[in-house]
Amino acid sequence: MAASTVLFTIILLFLGLSDSSLEVQSLSFGINYGQIANNLPSPSRVAVLLQSLNVSRIKLYDADPNVLQAFANSEVDFIIGLGNEYLQSMSTDPLKAQSWIQQHVQPHLPQTKITCINVGNEVLGGTDTQLWSYLLPAMQSVYRALVNLGLSKQVAVTTAHSLTILGKSYPPSSGSFRQDLAQYIQPILSFHSQVNSPFLINAYPYFAYKDNPGEVSIDYVLFQPNSGMVDSVTNLHYDNMLDAQIDAVYSAIKAMGHSDIEVRISETGWPSKGDANEAGATPENAGIYNGNLMRKIEEKKGTPAKPQVPIDIYVFALFNEDLKPGPASERNYGLYYPNGTQVYDIGSQGYLPQLIFSADSNINASHIHLQFSEPSHCVHIIMCLLELIYSVNFLGGGRRADRSNMKNS
């Protein structure tokens with residue numbers, strides 16, 4: 001549709017944009033940005049939201065170029081994901097690992113701060129046992145490719161595990177890995193030690209409560225005041241389950257002869273909704289868990305066994321994702337609905353640019369309004385406008401302003 005025949009008003013409004021809502025916490029935290037949905041805002045709009053929340057680290061499950069481009073020239077660190085489907089080929093052909101890095105990583109450096117590649121997700125906790133033997137060789141291939149390309153000093157290599165890799169977790173000081181996984185985990189730990197990369201764990205106290213709501217204290221899993229538990233070996237007191245889970249992993253690593261590997265929490269969260277058999281999945285509990293988690297991050301405290309090592313945490317997740325398979329809880333871990341409104345209050349008020357079109361033959365440039373709180377928001381807002389202008393030219397052909405709505409990853 002030609003611009004000479006119709007003019008559009010582009011109104012850029014921010015949710016909650018007021019003097020009070022712009023006083024965002026100075027808290028800096030990481031978040032998981034999943035995209036298994038058909039109704040998410042575009043990455044350029046998400047960039048504004050996350051900047052308003054002061055999110056400093058993002059974990060992706062792929063290497064989406066649209067997301068990485070949207071965060072160019074920002075101060076946000078990225079963990080990008082290399083899916084399980086790549087493990088077999090990369091474990092046997094190092095050139096494929098190098099080609100993947102050249103295609104998905106190099107084009108975005110140094111503008112976008114990619115600091116880590118997560119090779120596979122919850123492989124050793126999964127049921128595809130064939131993948132177990134591919135994991136370490138794939139990690140090694142990716143690392144060697146980074147060395148060859150001169151990137152190994154700025155981009156780390158790791159993989160994320162579920163807590164099902166533990167054979168024993170209570171008491172925390174007796175934590176150990178499953179015997180059937182020992183032959184795979186031992187060399188992976190040696191790899192982490194050699195290349196100085198972190199050991200990632202997806203830790204969900206919610207699962208423990210859901211499976212045994214009559215035995216597990218809800219206050220213990222939600223960081224609420226409670227009597228806690230005492231490790232009978234170390235006499236250390238634990239007042240929340242997440243700390244106990246982390247220390248159990250540290251103990252399991254130590255039992256395999258390593259004390260130089262940092263444990264980081266690549267996922268933790270609480271669903272705001274679930275099926276009838278998913279106890280505790282409510283907005284109230286999710287708000288309490290993530291709100292207390294944010295306060296814990298802000299305090300920069302460690303665990304009872306590692307009090308001087310602040311816990312590095314990536315909250316799961318940014319948005320509710322409507323296309324995720326499984327029980328209802330899987331689609332309701334988000335802090336935000338796709339339209340930018342909060343699912344529940346966690347103490348931080350962010351804002352997502354809202355894009356509204358209207359046709360008016362008498363509109364001129366004075367009707368295009370931009371509102372932002374800081375000059376640093378300008379780049380992302382301009383990106384939003386460019387996206388809109390591009391989309392406007394194709395509205396007559398049925399194109400949507402938010403092209404990311406068509407993405408189904």
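Biologist: Which helices and strand supply at least two residues each to the lining of the largest pocket?

Modeller: In this predicted model, they are strand E7 (166-168), helix H7 (205-211) and helix H9 (241-255).

Biologist: What volume does the largest pocket have?

Modeller: About 590 Å³. The lining counts 24 residues. Closest to the pocket centre are Leu-163, Ser-169, Ala-208, Met-241 and Gln-245.

Biologist: How do the residues of that lining divide into nonpolar, polar and charged?

Modeller: The lining of the largest pocket has 13 nonpolar, 9 polar and 2 charged residues. Met, Leu and Ala count as nonpolar.

Biologist: What about the second largest pocket? What is its volume?

Modeller: The second largest pocket has about 410 Å³. It is lined by 19 residues, and Ile-36, Tyr-61, Asn-121, Phe-316 and Lys-324 are the closest to its centre.

Biologist: Now Lys-296. Why does Lys-296 count as buried?

Modeller: Its relative accessibility is 12%. Buried means under 20%. Therefore Lys-296 counts as buried.

Biologist: Where does Lys-296 lie, and which residues does Lys-296 touch beyond four places in sequence?

Modeller: Lys-296 sits in helix H10 (residues 283-299). Leaving out residues up to four places away in sequence, Lys-296 touches Phe-223, Asn-240, Asp-243, Lys-301, Gly-302 and Ile-311.

Biologist: What makes these touches contacts?

Modeller: Contact means heavy atoms within 4.5 Å. Asp-243 is one of the residues that Lys-296 touches.

Key
Residues numbered from 1 in each chain as written. Predicted model: local features only at pLDDT ≥ 70, side-chain atom pairs only at ≥ 80, totals over all residues. Heavy atoms only, no water. 1 Å grid on protein atoms, 1.4 Å probe; cavity = no way out; pocket = protein on both sides within 12 Å on 5 of 7 lines; lining within 4 Å. Points joined across faces, edges and corners; volume = space filled by probe spheres on them. Helix = DSSP H or I, 4+ residues; strand = E, 2+ residues; numbered from the N terminus. Buried < 20%, exposed > 50% of the residue type's maximum accessible area, 1.4 Å probe, protein only.
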